[in-house]
Amino acid sequence: MHRFLSVPRQSNCLRNPSSIFSCHSSYFDTRISSSTNSTNNPSLQSQSKPLWSLSPSNSTYQSPIPTAYPYLCGFIPKSRSSASQCCARRFFSPGSRFNGFKLQSCDRNKDGFLWVKRVVGGFRSFSDAPERESIEYDVVIVGAGPAGLSAAIKLKQMCREKDVDFSVCVVEKGPEVGAHILSGNVFEPRALDELLPQWKLEQAPINVPVTSDKFWFLTENRAFSLPCPFDNKGNYLISLSQLVRWLGAKAEELGVEIYPGFAASEVLYDANNKVIGIGTNDMGIAKDGSKKENFQRGVALKGCVTLLAEGCRGSLSEKVMKKFKLREKINAQHQTYALGIKEVWEIDQEKHEPGTVIHTLGWPLDHKTYGGSFLYHMNDRQISIGLVVALNYHNPFLNPYEEFQKLKHHPAIKPLLEGGSVLQYGARSLNEGGFQSIPYPVFPGGAIVGCSAGFLNVPKIKGTHTAMKSGMLAAEAAFCVLHEDSSMEAYWDALRNAWIWDELHKARNYRPAFEYGLVPGLAISAVEHYIMRGKSPLTLKHGKPDHEATNVARIHTPIQYPKPDGDLSFDVPTSLHRSNTNHEHDQPAHLRLRDPKIPKLVNLPEYAGPESRYCPARVYEYVPDEKGQLRLQINAQNCLHCKACDIKDPRQNIEWTVPEGGGGPGYTVM
């Protein structure tokens, strides 16, 4: 934490106090006065004293003025940028704390002088709370994924074009940029072409073009080739975690400040319920809630604009959507999700075909469960293999992790993997709601971008390019808020007029078509793809929310999965080791039960304890207590941050919150 706070950082309009008032020193005339006369009295200027002085010892702004003076006066010309106006409004507003003084009321005269009345002594900090450091930026971005980094890069590019300097901060809960990023990934470079057109010359980790597309329907022992609905010409096979690291470096070259290892745990609001930033988690708290010797208070990162780019099922994004009723605002449907489980293998050279893409439907999943697998031949003898299982499956005995282990034994896949070795394992939820489930993405003080809002194109099985584009559009709107005093509503308008909207609209009926089962879903999808071409007059609706789709256990038969052989299939602890997952053991559990009685009274007797199966990391186990009765044990240190529990729990009793920053998986090639 000390490295984060070693140099106190303020927004651009606070690094130099005079920049709030004017770029010309002659305009800087901030004063304090003991007069109680009208704020329009010109004589006050002759009685005033300088407010600002900079203390070189600690690089923070100090005021020598005693708190007895009842008035503060500052000149803020109307021509100043809205970034300055925004920060001025924040600090020169009723109830604000400014350098140790609480400002209780304020007024502006016709000449632009801002008068703050009844200045009361208080804490010598910009913080809203005594023990929390507060750091100001123009834009605060939560999440260093494709959307968040694209937004940061675009903002800084626009700053250079317009010759202005707005401060941009990206906070990331992973121990380093890319550590929590997992995706297939067949990458469509459309958005990257717009953002960084010279990416090929700048050594982006995008080196394997797609050379062939195959689409198989699997039965238990056969693989039938089907007409391939994918058009991956011009796309690439990549590691998204590596691409994100490259984007992070590009962002820092432009002046973006990125802070990995700090988890955004709460949204900060002003008195008018406007979002003014985020707070990071406290560090160094023991399981019992006591403060350890290394305790560090979380930081308040405040910005004129806050962008939430947390990825699928972002915890802060979900809270903001509920608070401001963003789905209800445009009658958006509920989001529906899938769980993706993935391994990266290194295989024999003679079996390796760089650029080959294989997608499958069918086995090992039953015909009522939507999902499929992928197998991509990457570079350096590496292949990515994974299974995606829709989380609206009905059978509580289904275990996505074990279904993935079965997949690798299929006769069409097993020969490819034999003799190879697993390099890495991971899992992540993904949005599948598509066009119908996109919420209104703008809230007071900011916007939601990327997979937090759900821009995945399901039939393409791609969401990186759409996430990046949404971040870029939000950045353009945020820049205009800062520079031209416009509104973030422009982001919503830009989304609906961009290619991202047209693409998602054409793809809107594929996922809900499979609510009727595999065969009807294939038939409807074929009509959409080959005949209607996305122009159907109907928009299909999703079924029940994923947690409501789970049936009670008594109407299903338990599924017996084969034991892992240690060559192609593995137990969970072995896979977890390959994910590089680590959490500080002595910290409060970040997986919380809203009602501790629900597992024993509902989940176990009615659903046979489904959390012990849908979690791909064995976080949830039912173990006997001292009386021999089963109780739920939560192994939070195993958590892959996939969010499946937050989504699939039948009673929505599990709340996923952020652990200490720096915990979780440590992906490098995912």
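## A buried arginine

Helices here are DSSP runs of H or I with at least four residues, numbered from the N terminus. Helix α17 covers residues 572-578, and Arg578 is in it. The model is predicted.

Arg578 is buried, yet it has no salt bridge. The nearest side chain of opposite charge belongs to Glu343, 5.1 Å away. A salt bridge needs a side-chain nitrogen of Lys or Arg within 4 Å of a carboxyl oxygen of Asp or Glu. Beyond its close sequence neighbours, up to four places away, Arg578 touches Val422, Leu423, Gln424, Tyr425 and Phe570.

## Nonpolar cores

The largest nonpolar core has 89 residues. Ile141, Met488 and Tyr491 have the most contacts inside it. Helix α12 (residues 464-484) gives this core its largest share, 11 residues.

What does Tyr491 touch, not counting residues up to four places away in sequence? Its contacts include Pro441, Val442, Phe455 and Leu473. Ser470 is also one of them.

## Salt bridges

Side chains of opposite charge can pair when their charged atoms come close. The count comes to 18 salt bridges. Arg245 and Glu176 form one of them, with the closest N and O atoms 2.8 Å apart. The pair links distant parts of the chain, 69 residues apart. Arg245 is in helix α7 (residues 240-253), while Glu176 is in the loop between β10 (168-172) and β11 (186-187). Arg245 counts as partly exposed because its relative accessibility is 24%. Glu176, at 39%, also counts as partly exposed.

Glu432 and Arg511 also meet in a salt bridge, at 2.9 Å from N to O. Glu432 lies in the loop between β26 (421-431) and β27 (442-443), and Arg511 in helix α15 (residues 510-513), so this pair ties together parts that are 79 residues apart in sequence. Both Glu432 and Arg511 are buried.

## A local pair and a network

Asp493 forms a salt bridge with Arg496, and their closest N and O atoms are 2.8 Å apart. Both are in helix α13 (residues 489-496), 3 residues apart, so about one helical turn separates them. Asp493 counts as partly exposed at 36% relative accessibility. Arg496 counts as partly exposed at 39%.

Salt bridges also link Glu188, Lys460 and Glu503 in a network.

Which residues make a nonpolar surface patch of about 300 Å²? They are Val527, Tyr530 and Ile531. Ile531 is in helix α16 (residues 518-532). Ile531 counts as exposed because its relative accessibility is 62%.

Terms used
Residues are numbered from 1 along each chain as its sequence is written. This is a predicted model: local features need pLDDT of at least 70, side-chain atom pairs count only at pLDDT 80 or more; totals for chains, interfaces and linings use all residues. Side-chain values use heavy atoms; hydrogens and water are left out. Patches are made of residues with over 30% relative accessible area and no salt bridge: like charges are joined within 9 Å, nonpolar side chains (Val, Leu, Ile, Met, Phe, Trp, Tyr) within 5 Å. Accessible areas come from the Shrake-Rupley method with a 1.4 Å probe; for residues, only the protein chains shown count as cover. Helices (H or I, at least four residues) and strands (E, at least two) are DSSP runs, numbered from the N terminus. Buried means under 20% relative accessible area, exposed over 50%, partly exposed in between (1.4 Å probe, protein chains only). Lys and Arg count as positive and Asp and Glu as negative; His and the chain ends are not counted. Contact means heavy atoms within 4.5 Å. A nonpolar core is a set of buried Ala, Val, Leu, Ile, Met, Phe, Trp, Tyr and Cys residues joined through side-chain atoms within 4.5 Å.
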